[in-house]
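The sequence and the structure are shown below.

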Amino acid sequence: MDIDENPDEYESELTTILPRLQEARSSTEVRRIVYEEFDHWFGDALTSRCQRLPQRMQACFDTLAETIWKEWQRWLEEKWD
């Protein structure tokens with residue numbers, strides 16, 4: 001899917017993830033936060049998909065968490081410059 005097709009598709013999820021980034025101290029903690037919030041929003045659909053595609057889903061969450069962590073750190077640096 002092209003993000004330009006529906007740029008606000010995950011806006012609801014972001015409203016719960018972004019405030020929690022303040023508690024994160026690593027990409028591992030970001031991964032936990034993202035997973036918890038996706039589980040909150042998607043519940044059984046997420047759990048079912050993770051069980052069917054465990055390695056692929058784990059890799060996806062790892063990549064997502066690393067990207068969010070890097071961008072979060074960059075934003076914090078710019079905020080205090």
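## Nonpolar core

The largest nonpolar core has 14 residues, and those with the most contacts inside it are Ile17, Val30, Val34, Phe38, Leu46 and Phe61. A nonpolar core is here a set of buried Ala, Val, Leu, Ile, Met, Phe, Trp, Tyr and Cys residues joined through side-chain atoms within 4.5 Å. At least two residues of this core come from each of helix H2 (27–52) and helix H3 (54–80). The largest share, six residues, is supplied by H2.

## Basis of the model

The model is predicted: local features need pLDDT of at least 70, side-chain atom pairs count only at pLDDT 80 or more, and totals for chains, interfaces and linings use all residues. Residues are numbered from 1 along each chain as its sequence is written, and side-chain values use heavy atoms, with hydrogens and water left out.

## Overall fold

The secondary structure comprises three helices and zero strands, and the order of elements from the N terminus is α-α-α. Helices (H or I, at least four residues) and strands (E, at least two) are DSSP runs, numbered from the N terminus. The C-alpha trace spans about 45 × 30 × 20 Å along its principal axes.

Of the 81 residues, 22% are buried; buried means under 20% relative accessible area, exposed over 50%, and partly exposed in between (1.4 Å probe, protein chains only). Among contacts (heavy atoms within 4.5 Å) between residues at least 6 apart in sequence, 48% join residues at least 24 apart.

Phenylalanine 38 is buried, with a relative accessible area of 17%. Not counting residues up to four places away in sequence, Phe38 touches Glu13, Ile17, Gly43, Leu46 and Phe61.

The structure holds four aromatic pairs. Phe38 and Phe42 form one that is tilted, at 5.5 Å centre to centre and 55° between the planes. Rings of Phe, Tyr and Trp (its six-membered ring) pair if their centres lie within 6.5 Å; planes under 30 degrees apart count as stacked, over 60 as edge-to-face and the rest as tilted. Both Phe38 and Phe42 lie in helix H2, four residues apart, or about one turn of the helix. Phe42 is partly exposed, at a relative accessible area of 33%. Ring pairs link Tyr35, Phe38, Phe42 and Phe61 into a cluster.

Glutamate 13 lies in helix H1 and counts as buried because its relative accessibility is 7%. Leaving aside neighbours within four places in sequence, Glu13 is in contact with Phe38, Trp41 and Phe42.

Glutamate 37 is found in helix H2 and is likewise buried, at 11% relative accessibility. Again leaving aside neighbours within four places in sequence, Glu37 is in contact with Thr16, Ile17 and Arg20.

## Surface, charge and the N-terminal segment

The protein exposes about 6200 Å², of which carbon and sulfur atoms supply 51%. Accessible areas come from the Shrake-Rupley method with a 1.4 Å probe; for residues, only the protein chains shown count as cover. The mean positions of the 10 positive and 19 negative charges are 6 Å apart. Lys and Arg count as positive and Asp and Glu as negative, while His and the chain ends are not counted; the place of a charge is taken as NZ of Lys, CZ of Arg, CG of Asp or CD of Glu.

Aspartate 8 is found in the segment before helix H1 (11–20) and is partly exposed, with a relative accessible area of 43%. The C-alpha atoms of Asp8 and Ile68, 60 residues apart along the chain, are separated by 17 Å.
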